[in-house]
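Okay, thanks everyone for coming. I'd like to walk you through a structure, so let me put it up on the screen.

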Amino acid sequence: MARVPLPRPRTVIALAAAALVVRHALGRGADRSPLWPMPALEDPISGRGRAGSGGAALRMMITERQEAADGVVRLRLTGAELPPWQPGAHLDLVLPSGTIRQYSLCGDPADTTSYTIATRLIEDGRGGSREVHEQLHEGEEVEVRGPRNRFPLVEAPAYVFVAGGIGITPILPMLRAVEAAGVPWRLVYGGRSLASMPFVAEVEKLGGPEKVSVLPEDERGRPDLAAVLAGAPEGAAVYCCGPDGLMDAVAELCAADPPGGGLHMERFAPGGARHRGGVDTAFEVELRRTGTTVSVGPKTSVLTAIREQALPDLAYSCAQGFCGTCLQRVVAGDIDHRDELLTDAERDDQMLICVSRAYGDRLVLDL
Amino acid sequence: MSNKAKARPAPVASEYTPLTARNVDFEWSGTPLHWVPGDPATTHTINVLHLLLPAGERWFVHVYKQALPLIRDERLRADVLGFIGQEAMHSQAHDQVLPHLARLGLDPTPYTAQVDWFFEKLLGDRTLPPGRARDWWLLERIALIAAIEHYTAFLGDWVLGADALDRKGCDPVMLDLLRWHGAEEVEHRSVAFDLFLHVDGGYRRRVRTWGAALTALVFLWQRGIRFFMANDPTLRDGKASLREFVRAGRQGLLPRPGAIARSIPAYLSPGYHPSRECSTAQALAYLANSPAATAAEAKPTPTRSTGGA
């Protein structure tokens, strides 16, 4: 009679171990899963889409073009079932040449069929604003992406808004929102001359002279920012958008005496396009876990600097800010995002080091 | 890197091409649920790609990032970097189809959440001590990717030549996604295998991972088709069937079972090298005319300075 040989102890142990590994891997999740027998990831990653992060493009029709002030045009873009937005949000506008510029939305967030933007013509600019002014007319189609919000309105018991010229665009929907909510607010709105300042009638209608100070420089000089900020109510949030000089002045005052609700600023190019990158300056990047610091020159990327000076095997691929391979977590520093991929939430503490840079002189990466 | 690697098949040099990721974008709003007109079974068989690839190719990238320090060959390193970017874009592009399916009434999340678990947890890094266990698991996963790439190259080559899909009147955006992806799979078909040979190349591991990848793919794929057919809001008693699969194969809308059966074991032949299969020229010819790839080519690079107005 043929005897079935007993399995060798090693085989038994190996099989039992394999079974335990499989059981451990499946966990108890499998029983609760909608499709037996695999467990599901608790926070699924796939399929969340990247609409609004540069992924989804919309074709929109220019249905209205108006002169909002001297050298400022306001465009109304119409489409169907537009993604919702909050005050402070901006849109990527793909110009006929393929150049992308970002403009703040200054219409009504409740309007789901159109977006409104405004831009100032800069005579000696590099063409973005010129293209808008010369080539975008009523009845034409443009491609947009977004909206995204890098300048959200936080909750606060009171608000102080400081706007300079075309910098009023992201502030305008904020004023409407806080006025509707009945929260106390103040606006200081400066500009070169009254004729060059857009939306003056709109803001004066929202609040009387006790709330709104319109200060054209040629008539009333520069605003006394120190007095405005000193008079801010307890816990007020300060929002500022305008030329660099104005923002630097506000930042300096707020650094000396921080407002309770914080200082919130949005960098702006002269024509009203959001800065998609400041000037290419040199700065330092500290690699916290590696324990070294590398210096990034004005003409090299963070990625190149790190690969050359510290970590040659650091992964990257497209080097143009779209594939996402070089994503890194940022521990500290003011990031100058220049990619097309990341969502607003991701931008809080992550960056694509192949294209994005720093506003200040230092970044700290979790590397 | 030992005597295990003595029988190294030579790659076909003329099939080599440098790799770069393409910044593609697809507009899904015009794509119908059954984008193979009147053929939900075929539509959903191919749709399973959108379920598996976002998580799967993200996992490729994750594993390959860890493999970079093992590479001692500059050209292979450049190939792997190009491969990573292409796979990342494949993952993103297929991921964008999923919300569109949900809008059409077919929510893929119950299934994709499991695929996410499969790649993030089951095949993830696990808590292994540094040293032999961790190295073994990395090599095993590199070998798995090489085996999977054998199957994806076959599918890519097939879809590039599947004229029946055009004659059937399939949605052009979906066809472009599949063929752009297929062409890049053919373009980079040797990278995963070359990396596997470079870091290990053991034949037992090759057989083992070939079997494991095949089992997992068959399991996940048939399950995906059944999931889609059962949840398609326009089908009353939607069921997946083998007969439909054979029928679609005969019509040229899916690969023929015979061709699949011939291709699968080819990976085990001692003389196998991916460059001996498929045609780089055919892939590059498609990419030269693909709407998505040519639009990506025309995009201005974001490295330009856009600070001013």
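**Two chains, a few close-ups**

So, chain A first: its secondary structure comes to ten helices and 18 strands. Keep in mind as I talk that this is a predicted model. Chain A has 367 residues, and 40% of them count as buried. If you take the contacts in chain A with a separation of 6 or more, 65% of them are between residues 24 or more positions apart.

Let me zoom in on one residue there, A:Tyr239. You'll find A:Tyr239 in strand 10 of chain A, which covers residues 237-241. Is A:Tyr239 buried or exposed? With 30 other C-beta atoms within 10 Å, A:Tyr239 is buried, because the cut-off for that is 20 or more. And what does A:Tyr239 touch, leaving out residues up to four places away in sequence? The list is A:Tyr159, A:Phe161, A:Ile171, A:Met174 and A:His264. As for A:Glu217, 22 residues from A:Tyr239 along the chain, the two C-alpha atoms are separated by 20 Å.

Okay, on to chain B. Here we have 13 helices and zero strands, so if you read the elements from the N terminus on, you just say "α" over and over: α-α-α-α-α-α-α-α-α-α-α-α-α. Of the 309 residues in chain B, 46% count as buried. Among chain B contacts between residues at least 6 apart in sequence, 85% join residues at least 24 apart.

What about the overall dimensions? Along its principal axes, the C-alpha trace of chain B spans about 60 × 55 × 40 Å.

Now the helix I'd like you to look at, helix 9 of chain B. Helix 9 runs over residues 203-231, which is 29 residues, and from first C-alpha to last it reaches 42 Å, close to the 42 Å expected at 1.5 Å a residue. Which residues of helix 9 in chain B are buried? Among them are B:Arg205, B:Arg206, B:Thr209, B:Trp210 and B:Ala213, and also B:Gly224, B:Ile225, B:Phe227, B:Phe228 and B:Met229. What covers the buried residues of helix 9 includes helix 1 (40-67), helix 4 (109-122) and helix 5 (132-160) of chain B.

Let's stay with helix 1 of chain B and see how it packs. In general, you describe two packed helices by the angle between their axes and the distance between the axes. For helix 1 and helix 9 of chain B, the axes come within 8 Å and cross at roughly 120°. The two helices are therefore oblique to each other, and their crossing is right-handed. On the helix 1 side, the contact is made by B:Ala41, B:His44, B:Thr45, B:Asn47, B:Val48, B:Leu51 and B:Leu52. Helix 9 brings B:Leu220, B:Trp221, B:Gly224, B:Ile225, B:Phe228 and B:Met229.

Then there's helix 2 of chain B, residues 74-95. The axes of helix 1 and helix 2 come within 8 Å and cross at roughly 150°. That makes helix 1 roughly antiparallel to helix 2. Helix 1 passes helix 2 in a left-handed crossing. The residues meeting there include B:Leu49, B:His50, B:Leu53 and B:Pro54 from helix 1, and B:Val80, B:Phe83, B:Ile84 and B:Glu87 from helix 2.

That's what I have, so over to you.

Definitions and conventions. Residues are numbered from 1 along each chain as its sequence is written. Chains are lettered from A and ligands numbered from 1 in the order in which they are written. This is a predicted model: local features need pLDDT of at least 70, side-chain atom pairs count only at pLDDT 80 or more; totals for chains, interfaces and linings use all residues. Helices (H or I, at least four residues) and strands (E, at least two) are DSSP runs, numbered from the N terminus. The expected span of a helix is 1.5 Å times one less than its number of residues. A residue is buried if 20 or more other C-beta atoms lie within 10 Å of its own, exposed if 12 or fewer, and partly exposed in between; C-beta atoms are placed from the backbone. Two residues are in contact if their C-beta atoms, placed from the backbone, lie within 7 Å. Axes are lines fitted to C-alpha atoms, for helices over the stretch in contact, and angles run from 0 to 180 degrees between N-to-C directions. Angles under 35 degrees count as roughly parallel, over 145 as roughly antiparallel, 65 to 115 as roughly perpendicular and the rest as oblique. A crossing is left-handed if the near helix is turned anticlockwise from the far one by less than a right angle, and right-handed if clockwise.
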